[in-house]
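Colleague: I have a model open in my viewer and would like to learn how to read it. Could you walk me through it?

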Amino acid sequence: QVQLVESGGGLVQPGGSLRLSCAASGSIFINYAMAWYRQAPGKQRELVARHSRSSSTNYADSVKGRFTISRDYAKNTVYLHMNNLKADDTAVYYCSADRWGGRDYVADYWGQGTQVTVSS
């Protein structure tokens with residue numbers, strides 16, 4: 001059974017930091033790219049960062065220089081390190097396991113989501 005379990009969300013002040021974690025089933029972690037998406041109220045879900053199987057990474061322009069995605073193969077866990085958080089980063093953050101669909105990645109599996117709220 002495929003499982004993606006996120007943790008680490010919470011309330012943080014502007015300028016603060018958080019680290020999100022996503023623990024994945026072993027077979028998924030090895031065979032898929034791992035990504036973080038987010039969805040704010042009234043907005044579409046958007047890609048935040050992706051870590052491919054070849055260890056390349058890509059980020060949304062809005063988070064470049066502030067967020068870092070990393071992957072620990074020993075723990076089957078992907079992390080999202082978030083620094084200098086802004087109110088616009090407030091959203092539910094989802095972990096996903098993505099496969100290459102020929103033209104773009106397709107998210108095959110999703111976690112349950114974790115809330116990140118940036119507010120003073």
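Modeller: Let's begin with the core. A nonpolar core is a set of buried Ala, Val, Leu, Ile, Met, Phe, Trp, Tyr and Cys residues joined through side-chain atoms within 4.5 Å. Here the largest one has 28 residues, and Met34, Trp36, Leu80, Met82 and Tyr93 have the most contacts inside it. Two or more residues of this core come from each of β3 (18–24), α1 (26–31), β4 (33–39), β5 (46–51), β7 (67–72), β8 (77–82), β9 (91–100) and β11 (114–118).

Colleague: What kind of model is this?

Modeller: This is a predicted model, where local features need pLDDT of at least 70 and side-chain atom pairs count only at pLDDT 80 or more, while totals for chains, interfaces and linings use all residues. Residues are numbered from 1 along each chain as its sequence is written, and side-chain values use heavy atoms, leaving out hydrogens and water.

Colleague: How many helices and strands are there in the protein chain?

Modeller: Helices (H or I, at least four residues) and strands (E, at least two) are DSSP runs, numbered from the N terminus. The protein chain has one helix and 11 strands, in the order β-β-β-α-β-β-β-β-β-β-β-β from the N terminus.

Colleague: What does the radius of gyration say about the protein chain?

Modeller: It is taken over C-alpha atoms, and the globule rule is 2.2 Å times the number of residues to the power 0.38. For 120 residues a compact globule would have a value near 14 Å, so the 13 Å of the protein chain agrees.

Colleague: Is Val5 buried, partly exposed or exposed?

Modeller: Buried means under 20% relative accessible area, exposed over 50%, and partly exposed in between (1.4 Å probe, protein chains only). Val5 has 43%, so it is partly exposed. Across the protein chain, 42% of the 120 residues count as buried.

Colleague: Where is Val5 found, and which residues is it in contact with beyond its neighbours within four places in sequence?

Modeller: Val5 is in strand β1 (residues 4–7). Contact means heavy atoms within 4.5 Å; with those neighbours within four places left aside, Val5 touches Ser21, Cys22, Ala23 and Gln112.

Colleague: Which residues other than glycine have a positive phi?

Modeller: Ser55 is one of them, with phi near 75°, and it is found in the loop between β5 and β6 (57–59). Asn84 has a positive phi of about 50° and is found in the loop between β8 and β9.
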